[in-house]
Structure formats: C-alpha cells, structure tokens
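Here is a short tour of a protein for someone meeting it for the first time. Take a look at the picture, then read on.

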Amino acid sequence: MLACGWRADEHATAALVRRGREVVLYGATAGSFDALTRKRGAFNLLVRGLRAAKAAGVAVEIALIITKRNAHEVSAMRAIAEKYATSFTEYANISPTYEGTPGPLAVQAPGWLDKSEVFRGCPAGHTFFHVDPHGFATMCKVGRENPVNLLTEGLDGLVRLPGIADAQMLRSGGCSGCRLSDTCRVCRPLARVYQAAKAPLEIYCQHGNGDDAP
Ligand code: SF4
C-alpha cells in the first residue's frame, strides 16, 4: 500500500500497524514538498505521521520522489528516510501516467533519470492489479486498456486480466518492429503513454540516445 502519509496521526497509526505501508517523500523541506504536492502544511503532516509511526513501531518504507524542485535536497531526504524508515527507494523517472499529458515530464530532474535497467518483464495483471475509484480493474495504473468493471462483472472478471495484460505487453504501435526492444528500458504500456504525451525520446527510448547507431 502506497500512501501520502499526511493523515498518519496517532489514530491512523493504529491502522498502519496492521498493514505494511510505503510513504511518499516529495522533499526535505516544507517549501519543496508543499509546492510539489500543492498542499500547504503537507510536509509537516508527513513528518508528524512518520514520528507517530516510529513511536508505534510501524515498519514504514519510504519512496523518495526526486524532481527538479527537490533534487538539491536529496541528501536531506535520504537523512529523513534513514531516520524514520526501515528501507527506502529512490524514484526519478516520472511518467505521464494518468492524464496522458506531458506536464509530469517537466518536473523530472534530468541528471537523475535512471536509464540503466533493462526491462525484463513484469507480473502486472498476473500477480497484482490496479483498481480505480470507479471499480475498474486494470493490469496496473499505467496499462489501462480494456478495464474490467468489477461492479458489473464481479471478481470473476479478474480471470481475464492476465490475457489483457499480455496483449498490452506486445511491442506494437509506436514500438512495432523495433530492433532494440530486447534491451528496452520501459515496458510497452509505459512507452505508449510517453509516446501519447509526445515525450522527448531521450527520456525513455533508446532511439533518443543514439543507441540505434550502426
Ligand atoms: S527502444 Fe523505444 S521504440 Fe524500441 S521498444 Fe523501447 S520504447 Fe519502443
């Protein structure tokens, strides 16, 4: 479970104890954190929640989101994570996931983008899935084609998800015939949202890094 952590007061902490929880850190100061989340006071609420969780012995994981606004605070963000979390992971690659607009791409911190890891497959739609607030289940929050309406189909509809997921993983559309697909850094659903947002190739695609040179 991934959460903002802004409501993790003493009462919410009791619930946290019963569930593993990953909290998102958008900065090490109120200035950067509140600006990115567009919520005044969010940073102070998060720190209060982390203190409460630590006092209650909750094993919290922290996801550090590195952006243009907070890249200068990464050391301080790591210090917060080391103080309050049992483990933390850093994320700098931000995709235009939900609305499909290029807005999220503009907040990425260029020097922090990770292009090192080759995509080796993903069990989305097989061992986990995503459900939106309207009850539509998809393989994950990126690959949202052919959603299963849980309200009309019930849980039985989930048996269709593996096939729906596999179909979305095919290197079709803008990736058709790519001879670099075996060493691609992104899954096909992620490539699709980047392509739909007209993201610069160098952000996600080997063709933008000169890797297709003869
Ligand atoms: S390298 Fe680019 S074109 Fe090729 S599969 Fe990956 S995203 Fe698609």
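## Starting at Ala 191

Set aside the neighbours within four places in sequence, and Ala 191 is in contact with Gly 174, Cys 175, Val 186, Tyr 204 and Cys 205. Two residues are in contact here if their C-beta atoms, placed from the backbone, lie within 7 Å. Ala 191 sits in helix H7, residues 188-196. Helices (H or I, at least four residues) and strands (E, at least two) are DSSP runs, numbered from the N terminus. Ala 191 counts as buried because it has 24 C-beta neighbours inside 10 Å. The cut-offs go like this: 20 or more other C-beta atoms within 10 Å of a residue's own make it buried, 12 or fewer make it exposed, and anything in between is partly exposed, with C-beta atoms placed from the backbone. From Ala 191 to Leu 201 it's 10 residues in sequence and 9.8 Å in space, C-alpha to C-alpha.

A word on what you're looking at: this is a predicted model, where local features need pLDDT of at least 70 and side-chain atom pairs count only at pLDDT 80 or more, while totals for chains, interfaces and linings use all residues. Residues are numbered from 1 along each chain as its sequence is written.

## The whole chain

The protein chain has 8 helices and 7 strands. Of its 214 residues, 27% are buried. Take the contacts between residues at least 6 apart in sequence, and 55% of them join residues at least 24 apart.

## Around the ligand

Which residues are around the ligand? They are Arg 171, Cys 175, Cys 178, Leu 180, Ser 181, Cys 184, Val 186, Ala 191, Tyr 204, Cys 205, Gln 206 and His 207. To be near a molecule or strand, a residue needs its C-beta atom, placed from the backbone, within 6 Å of it. This shell splits into 8 nonpolar, 3 polar and 1 charged. Ala, Val, Leu, Ile, Met, Phe, Trp, Tyr, Cys and Pro count as nonpolar, Asp, Glu, Lys and Arg as charged, and the others, Gly among them, as polar.

The largest nonpolar core has 21 residues, and Leu 25, Val 60, Ile 62, Leu 64 and Ala 81 touch the most other members. A nonpolar core means a set of buried Ala, Val, Leu, Ile, Met, Phe, Trp, Tyr and Cys residues joined through C-beta atoms within 7 Å. Two or more residues each come from strand S2 (21-25), helix H3 (42-55), strand S3 (60-65) and helix H4 (74-84). H3 gives the largest share, 5 residues. Ile 62, leaving out residues up to four places away in sequence, touches Val 23, Leu 25, Ala 81, Ala 85 and Phe 88.

There's also a second, separate core of 10 residues, including Cys 187, Ala 199, Tyr 204 and Cys 205. Cys 187 is in the loop between helix H6 (161-169) and H7. With 20 C-beta neighbours inside 10 Å, Cys 187 counts as buried. Beyond the neighbours within four places in sequence, Cys 187 is in contact with Phe 119, Cys 122 and Met 169. Cys 187 and Arg 171 are 16 residues apart in sequence, yet 8.6 Å apart in space, C-alpha to C-alpha.

## How the strands pair

S3 and strand S4 (residues 87-91) run parallel, joined by 5 bridges. Strands pair if DSSP finds at least two bridges between them. Along this pair, Ala 63 stands opposite Thr 89 in S4, and Ile 65 has Tyr 91 as its bridge partner. Together S3, H4 and S4 make a right-handed β-α-β unit: with the strands pointing away from you, the path from the first strand over the helix to the second runs clockwise.

Elsewhere, 3 strands form an open antiparallel sheet in the order S5-S6-S7. Strand S5 (130-131) and strand S7 (148-149) are the edges, each pairing on one side only. S5 and strand S6 (residues 136-138) share 2 bridges in the antiparallel sense, and Val 131 has Ala 137 in S6 as its bridge partner.

## Two loop residues with positive phi

Asn 146 isn't a glycine, but its phi is positive, about 50 degrees. Asn 146 lies in the loop between S6 and S7, and is partly exposed, with 15 C-beta neighbours inside 10 Å.

Lys 198, also not a glycine, has a positive phi of about 55 degrees. Lys 198 is in the loop between H7 and helix H8 (201-204). Is Lys 198 buried or exposed? Lys 198 is exposed, because 10 other C-beta atoms lie within 10 Å.
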